[in-house]
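Colleague: I have this model open and want to talk through a few local features. Can we start with the backbone?

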Amino acid sequence: KSIFYNNKIFTFVQSGKSFNVEELKSRIKQDLPNYAMPESIILLEKLPTNANDKIDTQQLRELIRTKP
């Protein structure tokens, strides 16, 4: 799931196992123009969901705001 926040793209990836973020960036770079590349790729064990069992984008934005 990708979120546009503060004029930047942040991509969240759900993976319960080991995941190589640099490899993903490299693969994305082959298909996307530079302006569409995510500023950051954030690995989560599970994407947050709301009461309707949909991805909770508000919680994802909060993760971006509190990210060091």
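Colleague: Where is Asn6 placed?

Modeller: Asn6 lies in the loop between β1 (2–5) and β2 (8–14); strands are DSSP E runs of at least two residues, helices H or I runs of at least four, both numbered from the N terminus. The model is predicted: local features need pLDDT of at least 70, side-chain atom pairs count only at pLDDT 80 or more, and totals for chains, interfaces and linings use all residues. Residues are numbered from 1 along each chain as its sequence is written, and side-chain values use heavy atoms, with hydrogens and water left out.

Colleague: Asn6 buried or exposed?

Modeller: Asn6 counts as exposed because its relative accessibility is 57%; exposed is over 50% relative accessible area, buried under 20%, partly exposed in between (1.4 Å probe, protein chains only).

Colleague: And what is its phi?

Modeller: Phi of Asn6 is near 50 degrees, a positive value in a residue other than glycine. Most residues other than glycine have a negative phi. Asn7, in that loop between β1 and β2, has a positive phi near 60 degrees.

Colleague: In which sense do β1 and β2 pair?

Modeller: Antiparallel, over four bridges; pairing takes at least two DSSP bridges between the strands. Ile3 stands opposite Phe10 in β2.

Colleague: New topic. Which residues make up the largest nonpolar core?

Modeller: Nine residues, including Ile3, Phe10, Phe12, Leu47 and Leu60. A nonpolar core is a set of buried Ala, Val, Leu, Ile, Met, Phe, Trp, Tyr and Cys residues joined through side-chain atoms within 4.5 Å.
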